[in-house]
Structures are given as structure tokens and as C-alpha cells.
Amino acid sequence: MISARDALELLRDGNRRFVADVRSRENLPSRARRVELAAGQAPFATILGCSDSRVPVEIVFDQGLGDLFVIRVAGNIVAPSLIGSVEFAAERFRTRLVVVLGHSNCGAIQATIEQLQRPKENQSRNLHSIVDRVRPSVEALLASDLRHDLERLTDEAVRANIRASVKHLRHGSEIIEQLVLKDGLLIVGAEYSLETGEVDFFEGLGEEA
Ligand SMILES: [Zn+2]
């Protein structure tokens, strides 16, 4: 089992390689690795990321087959099946680090802001279920002066939504609460910059952040 702190270092190192345009050869997919993994997996981190095509998790952390347990959903929201996926990895593979990975200019956040500013009657119910989960993070910001500055509003809403997902996951189930309290499970929030490729771990690390 890899501890949460060690897992975090692996992700930070991998992201530094990605930013520097360096790829580690051992993380490239290979037939040998595929065959080796067919017998079982031991991913060292669970990542709850956005579906955005510009944020492929294994690539931005320079990781290979079998390294990461990845859950992707537009807006990196937390819903019951996603909590279940985190529990599954934590219990089955003893994955001890969970990262909620949001990103700059997130379309799900922008869609939520638009919906709150100019509500559309005919929005699909399914899409609505995503907007509804992002809404609380955006509503508070829309009540402040930020509503006059769309760019800053979006930036702040991205972070607020990541924080909300981290909080929701931490208290999402009895199993996860117990793992955090007694078994070294760490849930942190991070933002990926589409421009620089850097991942900023800004939530859940206390003074060490
Ligand atoms: Zn997104």
C-alpha cells in the first residue's frame, strides 16, 4: 500500500514531468505491463476529475496502466455512484489518496453560471442534475460583487466547486469518514491550469499545502 503522502509526491513529480514536456519511459503502455496487470491492480490514487477532453488524468500526471483509479464526470461533481466508486477503490485496493481535480475555464461551471443568470426552461433533466450540484458553489458568488466580472467569477466558482466536492466526499459516507479518521485516507482538492499544465493542490493539505 502506498501512503497518501507518498502518492501525492508521485502525482506532483509526474505533473512536473508533464509540464516540462518529459515523459517517463516506464509509464508508456506496453504489452508486458498489460499482461502483468491482467492478474490484478493496485492503483496508488483515486482521481475524481472533469470529463473535459483537455484534462486526461493519466497524461497530466504522467502515469501508466494500472496507476490511477479515475472517475470522470462533467464538473467533477459528487453524486452517490461517484462516492461508491471512491469507496470501492479505497476498500478493494487500499487506495489512500483521493484527489478532486477541477480545472480552469470549466464548461460545467460556465453552464451553471449561464443557467443562473439566464434560466432556460427547456434544459434537459439529466444536464440539470449536474448544474444542480454545481449551483450552490456559484450562487453565493453571484450574490457578491464578482457577478460584474465573469472571468474572476468563473475562476472563483471553479475553486468553490472543487472545495464543495472535497467536503461532500469527506462526509459522503460512513465508510469514507471512518477511513479518513482511522485509516489514513486523505481527500484533497486540486486545480489544473489549461494554459500552463500545472496542477495546484490547494485544498485539504493544511499547512503543508
Ligand atoms: Zn470541466
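Which side chain does Asp-13 meet in a salt bridge, and at what N to O distance?

Modeller: A note on the basis comes first. This is a predicted model, in which local features need pLDDT of at least 70 and side-chain atom pairs count only at pLDDT 80 or more, while totals for chains, interfaces and linings use all residues. Residues are numbered from 1 along each chain as its sequence is written, and side-chain values use heavy atoms, with hydrogens and water left out.

The side chain of Asp-13 meets that of Arg-16 in a salt bridge, 2.8 Å from N to O. The term means a side-chain nitrogen of Lys or Arg within 4 Å of a carboxyl oxygen of Asp or Glu. Asp-13 and Arg-16 are separated by about one helical turn because they are 3 residues apart in helix H1. Helices (H or I, at least four residues) and strands (E, at least two) are DSSP runs, numbered from the N terminus. With a relative accessibility of 34%, Asp-13 is partly exposed; buried means under 20% relative accessible area, exposed over 50%, and partly exposed in between, using a 1.4 Å probe and protein chains only.

The structure holds 13 salt bridges. Another one joins Arg-17 to Asp-62, with the closest N and O atoms 2.5 Å apart. Arg-17 lies in helix H1 and Asp-62 in the loop between helix H3 (57–60) and strand E2 (68–72), so this pair ties together parts that are 45 residues apart in sequence. Arg-17 is partly exposed at 24%, whereas Asp-62 is buried at 4%.

A further salt bridge links Arg-159 and Asp-200, at 2.9 Å from N to O. Arg-159 belongs to helix H7 and Asp-200 to strand E5, so parts 41 residues apart in sequence are tied together. Both ends are partly exposed: Arg-159 at 23% and Asp-200 at 36%. Salt bridges with shared partners also join Arg-17, Arg-23 and Asp-62 into one network.

Strand E5 (residues 199–203) leads on to its neighbour, strand E4, with which it pairs in the antiparallel sense over 4 bridges. Two strands pair if DSSP finds at least two bridges between them. The hairpin made by E4 and E5 has 6 residues between the strands, and Gly-197 in the turn has a positive phi of about 80 degrees. In the pairing, Ala-190 stands opposite Phe-201 in E5. Leu-101 also stands opposite Ala-190, and strand E3 (residues 97–103) is joined to E4 by 7 bridges, the two running parallel.

How many residues of E4 are buried? In E4 (residues 186–192), 7 of the 7 residues are. In a regular strand the side chains alternate between the two faces of the sheet. Here Leu-186, Val-188, Ala-190 and Tyr-192 are buried on one side, and Ile-187, Gly-189 and Glu-191 are buried on the other.
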